Amino acid sequence: MRTAVVTIIAAAATALGAVPAGAASTLPPPNDAALRASISGLPGRDTTGALVRITGSAGSWSGTSGVSDVHTGAPVREQGRFRIGSITKVFTAVMVLQLAQERRIDLDEPVQRYLPGVLPADYPPVPVYTLLDHTSGLPSVDIPGLSDPQWVLDHRFEHWSPRQVLDTAVRHPIDFRPGSAQKYTNTSYVTAGMIVEKVTGRSYARNLRERITGPLGLCHTSFPGDDPSLPGAAARGYLDVDGQLVDVTEMNQSIPGTAGAIISTAENLDGFITGLFRGRLLGQEMMTRLFTVPDVQTSDGSGPALYSQGLMRITMNGVEVWGKTGSRHGYSSGVFATRGLERKLTYSVNPTVKSPDGQPLIVRKIAAAALS
């Protein structure tokens, strides 16, 4: 078993323009021992590799563990690309909020105005803003085979249009009155992506380049469309199929689409959340929406809402961070930051089993260590 390979980067604080004076002192430097321990022992049966990047005015740290290829034993590449899964939703939310800022979308108007005939006639009006904060009430995407590793393997190169994906959900009744509860679904963000393309008359990939990656200089972030490849991968992704590890690095991502298909790097995700929090993509009104969690309960009654119009809010060890997790077969990732950018965390790990909530145990260890 390959031992952890950890590279420590300078822990000296770096002043950031958006950070209030003295803010860096509210967080200690990254905990080297805890972070090393959080990714130790790889590769293992459940996770083959991991990379972690921490930056911010409270200090920096980076490390990798495990292997990028179980056959060659090559190490995980810190600068490599990975599938970011549902972190894609933050990019999609930003596009919708930008269009609202440009008065091309009214967030209070129903989805039905922008996509006539796409939702069932017996659905109530679904305000666009409810797509972004998961209060739309739209049912979940219903493709039963996605929970079956063999089905995923057999169908991994198939193309699904956004309408095909959406139709698997809306054949069911709406879950609840829009705006009255929160339930996380890909359905809302597939729908949001369809609105972006309809309103702009341009592809999602072009909107991504022109609205976000171009202005922020994120040259290693892309929307793959039907291209199943992952060039310059940080690590290959594997799926446990009947006890055998099968390489699923190459896979068409059209099912998650605008809810989960983007490819990026740790450095680019760091640049994205930095630019976003500094107000380089959105004006003040939309930034307020970005950081406002609705005052509703989750639809299953498990507690208060967690998601704003684009982000999720988490408090761990007394530190509040905003960001998003993501999960695709063979990849689990996340990007989080404090509002003042004292601490930014980006990670990508390679689980061999796609857990129901998308968060393997190692992710929880990384988060706890990063905010210890």
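Biologist: Which residues in H9 do Val-90, Phe-91 and Val-94 in H2 meet?

Modeller: This is a predicted model. In it, H2 and helix H9, residues 266–277, pack at an angle of about 35°, with axes 12 Å apart. H2 passes H9 in a left-handed crossing. The H9 residues that meet Val-90, Phe-91 and Val-94 of H2 are Leu-269, Phe-272 and Leu-276.

Biologist: By class, how many nonpolar, polar and charged residues has the contact of H2 with H9?

Modeller: From H2 come Val-90, Phe-91 and Val-94, and from H9 come Leu-269, Phe-272 and Leu-276. Sorted by class, the contact has no polar and no charged residues, and its nonpolar residues number six.

Biologist: Is H9 largely enclosed by the rest of the structure or largely exposed?

Modeller: A residue is called buried at under 20% relative accessible area. The buried residues of H9 include Leu-269, Phe-272 and Leu-276, and also Asn-268 and Asp-270. Ten of the twelve residues in H9 are buried, so the rest of the structure leaves this helix largely enclosed.

Biologist: What distance does H9 reach from its first C-alpha to its last?

Modeller: H9 has twelve residues, and at 1.5 Å a residue 16 Å is expected. After the helix comes Gly-279, with a positive phi near 80°.

Biologist: Which strands does H9 lie across?

Modeller: H9 runs at about 145° to E10. E10 belongs to an open sheet of six strands, ordered E2-E1-E10-E9-E8-E7 with antiparallel pairing. The strands that H9 lies across are E1 (47–55), E8, E9 (331–337) and E10 (344–351).

Biologist: Which are the edge strands of the sheet?

Modeller: The order of the open sheet is E2-E1-E10-E9-E8-E7. Its neighbouring strands are turned by 20° against each other on average, direction ignored. An edge strand here pairs on one side only, and the two are E2 (61–66) and E7 (312–316).

Biologist: Which residue takes a positive phi in the hairpin of E7 and E8?

Modeller: E7 and E8 (residues 319–328) pair in the antiparallel sense over five bridges. Met-316 stands opposite Val-319 in E8. The hairpin has two residues between the strands, and the one with a positive phi, near 55°, is Asn-317.

Biologist: Is Thr-338 buried or exposed?

Modeller: Thr-338 is found in the loop between E9 and E10. Leaving aside neighbours within four places in sequence, its contacts are Leu-27, Phe-277, Val-319, Glu-320, Val-321 and Arg-343. With a relative accessible area of 6%, Thr-338 is buried.

Biologist: What relative accessibility does Leu-119 have?

Modeller: Leu-119 has its place in the loop between H3 and H4. Not counting residues up to four places away in sequence, Leu-119 touches Val-111, Gln-112, Val-126, Leu-138 and Val-170. It counts as buried, and its relative accessibility is 8%.

Biologist: How far apart in space are Leu-119 and Asp-240, C-alpha to C-alpha?

Modeller: In sequence, Leu-119 and Asp-240 are 121 residues apart. Their C-alpha to C-alpha distance in space is 36 Å.

Biologist: Why is H7 called largely enclosed by the rest of the structure?

Modeller: Among the buried residues of H7 are Thr-187, Tyr-189, Val-196 and Thr-200. Those buried residues pack against H2 (88–101), H3 (111–114), H4 (128–132), H6 (162–170) and H8 (204–216). H7 is called largely enclosed because, of its 14 residues, the number buried is eleven.

Biologist: How far apart are the end C-alpha atoms of H7?

Modeller: H7 covers residues 187–200, and at 1.5 Å a residue these 14 residues should span 20 Å. Just after H7, Gly-201 takes a positive phi of about 70°.

Biologist: At what angle do H6 and H7 pack?

Modeller: H6 passes H7 in a left-handed crossing. The contact is made by Pro-162, Arg-163, Val-165, Leu-166 and Ala-169 of H6 with Thr-187, Val-190, Thr-191 and Met-194 of H7. By class, this contact has six nonpolar, two polar and one charged residues. The axes of H6 and H7 are 10 Å apart, and the packing angle is about 145°.

How values were computed. Residues are numbered from 1 along each chain as its sequence is written. This is a predicted model: local features need pLDDT of at least 70, side-chain atom pairs count only at pLDDT 80 or more; totals for chains, interfaces and linings use all residues. Side-chain values use heavy atoms; hydrogens and water are left out. Helices (H or I, at least four residues) and strands (E, at least two) are DSSP runs, numbered from the N terminus. The expected span of a helix is 1.5 Å times one less than its number of residues. Buried means under 20% relative accessible area, exposed over 50%, partly exposed in between (1.4 Å probe, protein chains only). Contact means heavy atoms within 4.5 Å. Axes are lines fitted to C-alpha atoms, for helices over the stretch in contact, and angles run from 0 to 180 degrees between N-to-C directions. A crossing is left-handed if the near helix is turned anticlockwise from the far one by less than a right angle, and right-handed if clockwise. Ala, Val, Leu, Ile, Met, Phe, Trp, Tyr, Cys and Pro count as nonpolar, Asp, Glu, Lys and Arg as charged, and the others, Gly among them, as polar. Two strands pair if DSSP finds at least two bridges between them.
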